[in-house]
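I opened my notebook on a structure I had not looked at before. Here is what I looked up, in the order I got to it.

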Amino acid sequence: MTRTSRRELVGFASVGLLAYAADLGLFTWLRGPAGLDPLSAKGLSFVAGCTVAYLGNALGTYRDARPPGWRPYAVFFAVNVAGALVQLLCLAVSHYGLGLTSQRADTVSGAGIGMALATVLRFWGTRTWVFRAEQGRVGPWTG
């Protein structure tokens, strides 16, 4: 692994942790003191988390490949929605398809396996579709 790709992975992971913290913190506050219903709270916290992740990647990890306008944010948001759907699919297959219905099984399938697969999808989608140079994709992994 080259120094550039290691820096890209560390930057992407750091921004992801920050976005996760923003999502979780806002969701907790909206569900608790603010008194919102779970779906509204999650919808708002998801948008906030995506925004934090986009800004962190645009201003940090991929600052040299940041395209102008709103299109990159829209594509980034779509990639994150796809990641969320991967997590939900893992949870649905485990819970309803395989009959693994305990809270632990739901956590492993949705927040463990689903999160890992979704993170790979988000990383690939972010570097391939959102932050790519004019000549092609950014970084040494995709040429």
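Predicted model: local features only at pLDDT ≥ 70, side-chain atom pairs only at ≥ 80, totals over all residues.

I began where helix 2 starts: a side-chain oxygen of Asp37 comes to within 3.3 Å of the backbone nitrogen of Leu39.

Next I checked the length of helix 2. It runs over residues 38-61, 24 residues in total, and at 1.5 Å a residue that should span 34 Å.

Then I wanted to know which residues of helix 2 are buried. My list reads Ala41, Ser45, Phe46, Gly49, Cys50, Ala53, Tyr54, Asn57 and Ala58. What covers them? The cover includes helix 1 (3-31), helix 3 (71-97) and helix 4 (103-130).

Skipping its neighbours within four places in sequence, I got Val15, Ala19 and Phe76 as the residues in contact with Ala53.

On to helix 1. I counted 29 residues, reaching 42 Å from the first C-alpha to the last, close to the 42 Å expected at 1.5 Å a residue. Its buried residues are Ser5, Glu8, Gly11, Phe12, Val15, Ala19, Asp23 and Leu30. So much for the list; for the cover over those residues I wrote down helix 2 and helix 4 among the elements included.

I then went looking for open space. The largest pocket holds about 1,100 Å³. I see 32 residues lining this pocket, and the closest to its centre are Tyr20, Asp23, Gln87, Met115 and Arg122. Asp23 was already on my list of buried residues in helix 1. The lining takes at least two residues from each of helix 1, helix 2, helix 3 and helix 4, and the largest share, 11 residues, comes from helix 1.

Last entry: His95, which I placed in helix 3. Is His95 buried or exposed? Its relative accessible area is 18%, and buried means under 20%, so I put His95 down as buried. Not counting residues up to four places away in sequence, I have His95 touching Leu100, Thr101 and Asp106.

Conventions. Residues numbered from 1 in each chain as written. Heavy atoms only, no water. Helix = DSSP H or I, 4+ residues; strand = E, 2+ residues; numbered from the N terminus. Expected span 1.5 Å × (residues − 1). Buried < 20%, exposed > 50% of the residue type's maximum accessible area, 1.4 Å probe, protein only. Contact = heavy atoms within 4.5 Å. Polar contact = N/O pair within 3.5 Å; in protein donor to acceptor, adjacent residues only side chain to side chain. 1 Å grid on protein atoms, 1.4 Å probe; cavity = no way out; pocket = protein on both sides within 12 Å on 5 of 7 lines; lining within 4 Å. Points joined across faces, edges and corners; volume = space filled by probe spheres on them.
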